[in-house]
Amino acid sequence: MKKDIEIAQENEMMPIVEIAKKLGINEGDIDLYGKYKAKVNLRAEDFDDKDGKLILVTAINPTGAGEGKSTVTIGLADGLARLNKSVCACLREPSMGPVFGRKGGATGGGYAQVMPMEDINLHFTGDMHAITACNNLISAVLDNSIYHGNPLNIDPDKVVWPRCLDLNDRTLREITIGQGKKINGIERKDHFCITVATEIMAILCLSRDLEDFRRRVEKCIVAYTFDGKAITVKDLGIAGSLCTLMKDAIKPNLVQTLEHTPVLVHGGPFANIAHGCNSLIATRLAQKLADYVVTEAGFGSDLGAEKFLDIKSRVGGLTPDAIVIVATIRALKYNGGSKEDELAKEDVEALKSGIGNLDKHIDSMSKFNVPLCVAINHFESDSQNEIDFLIDHVQKQGVDVVFADGFMKGGAGMTDLAHEIVKLCKKETHYHPLYDIDAPIKERIETIAKEIYGARSVVYSEEAEKKIDMYKDLSVPVCMAKTPNSLTDDPKILGRPTDFDIHVRDISYSAGAGFLVIYTGNILTMPGLPAHPNAIDIDIIDGKISGLF
């Protein structure tokens, strides 16, 4: 089969103004970024109260290459379009960290892709750059204030706002700034996180409009004074400049699939260190423009889906109508003990050993009382014996299971899943969040750890205990930062483990985003590059990109 980029480059795109018409959007309501990309100027508030059906695509714990949530999301949208349904997909924007690292982008794969894939995976419409600049302007003004007499009485050792970069660079995890001459500023320790882990990204994805963004960003805590008083962005007096930087980035981006189905791509927080969902602005707008909205949440359901259901849906007043759990035979074999370089070989025993991972994700998602099904994302290496076992096992759980073949067949391979979704969306949803935000902080954390991960208990560090006491009066959701490779906080423990503890080492308050971030295990907010990063394989010759995916 051809590479993703080869399939994409052979595809003929429709002008984006024609894609906009499919959603009832006039040319005057979009800002063109060339022929095939556009910013949409409409808001959900511009429409009546009717909302399209909202379908969440999530997955089991993945292999290092991911299990195709974006591919299934895109393919399902194309499948629904083939059933003559009014549909719009909503995706996150790829970070250039994974693009030049190992995992890849977030535009799907095979014959279920979003176009133009090269642009989306690189600079796109500049949103990531705007977020990076917005975050780093706060850092620059903060350090400038300390340098010029420190009128806010900021303790340089208590600055909590990190700088950021949308690339993987482990050397920036811990740094010292202001070294050398006095004119270089006050010397202090600092650190970088990747752009998609910043609070600015979280705020973008949870805001309703630019004014809501302003209100939220002003609340961001950037440092503390010598006597312990919190210093916010409002104290720095730069909210106007930050909103000016974000005036275009706040608008959703309209693109298309290979089969010309409309897609809104906007925002891109990682689900292991942030809340892992596309923007609320894009999702709410899509529900006004289409009868079916298909969206995804990052990594397995223990991370992205839990946060979609406990954070994004709660904040945005969303009611999901259906959940799709993506499973692959290769990931289940991996969770059952198969090595990554042997996943193409038939191994029913490893599949049987790893199937508990899928069972746990089904159990976890059932707790939210939303109709659900399992989609088997098909790989060429799947044997008939493995397929038969998996289908039989899921059916015995009383859950509908559908074969998804979007990667190799596009929308034509997804019509069975599309029919299943139409059926599920006719059922009544009784969605509710998992926990009460007024419950004690430990109860919120432990509810997720026990109900979603299957943990025995939670162990807190001395620092975490101090933070729990500091934030005890905050009635906000909790955003768990945890490895995506395991239901535990140890990436090496696969399958469906039991009798394990979750270790909370630290907690921070994202006041603008409106949640507590709970850091577990050894999770990092700035990834590193592998020994052979994808950046080595990418090239452009005569204007044609190769090696991207």
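Colleague: Which residue takes a positive phi just after helix 6?

Modeller: This is a predicted model, and in it helix 6 covers residues 127-147. Just after that helix, at a phi of about 90°, comes the residue you are asking for, G149.

Colleague: What span is expected for helix 6 at 1.5 Å a residue?

Modeller: Helix 6 has 21 residues, and the distance from its first C-alpha to its last is 30 Å. The expected span is 1.5 Å times one less than the number of residues, and for helix 6 the reach is close to that expectation, which is 30 Å.

Colleague: At about what angle does helix 6 run to strand 7?

Modeller: Helix 6 lies across two strands, strand 7 and strand 12. Taken against strand 7, which covers residues 154-159, helix 6 runs at about 135°.

Colleague: In what order do the three strands of the open sheet come?

Modeller: The pairing in this sheet is antiparallel, and the twist from one strand to the next averages 50°. Strand 7 and strand 13 (230-232) each have a single partner strand, so they stand at the edges with one side of each left without a neighbour in the sheet. Strand 12, residues 221-225, pairs with strand 13 over three bridges, and the order of the open sheet is therefore 7-12-13.

Colleague: How many disulfides does the count come to?

Modeller: A disulfide needs two cysteine sulfur atoms within 2.5 Å. The sulfur of C90 has its closest cysteine sulfur in C88, 4.8 Å away, which is too far for a bond, and for C425 the nearest cysteine sulfur, that of C373, is 9.6 Å away. By this rule the count of disulfides comes to zero.

Colleague: Is C425 buried or exposed?

Modeller: A residue is buried when its relative accessible area is under 20%. C90, with a relative accessible area of 0%, is buried. The relative accessibility of C425 is 3%, so C425 counts as buried.

Colleague: Is G543 buried or exposed?

Modeller: G543 is found in the loop between strand 24 (539-541) and strand 25 (544-546). The cut-off for an exposed residue is over 50% relative accessible area, and because G543 has 64% relative accessibility, G543 counts as exposed.

Colleague: What distance separates the C-alpha atoms of G543 and I468?

Modeller: Along the chain, G543 and I468 are 75 residues apart. Between their C-alpha atoms the separation in the model is 54 Å.

Technical notes:
Residues are numbered from 1 along each chain as its sequence is written. This is a predicted model: local features need pLDDT of at least 70, side-chain atom pairs count only at pLDDT 80 or more; totals for chains, interfaces and linings use all residues. Side-chain values use heavy atoms; hydrogens and water are left out. Buried means under 20% relative accessible area, exposed over 50%, partly exposed in between (1.4 Å probe, protein chains only). Two strands pair if DSSP finds at least two bridges between them. Helices (H or I, at least four residues) and strands (E, at least two) are DSSP runs, numbered from the N terminus. Axes are lines fitted to C-alpha atoms, for helices over the stretch in contact, and angles run from 0 to 180 degrees between N-to-C directions. Contact means heavy atoms within 4.5 Å.
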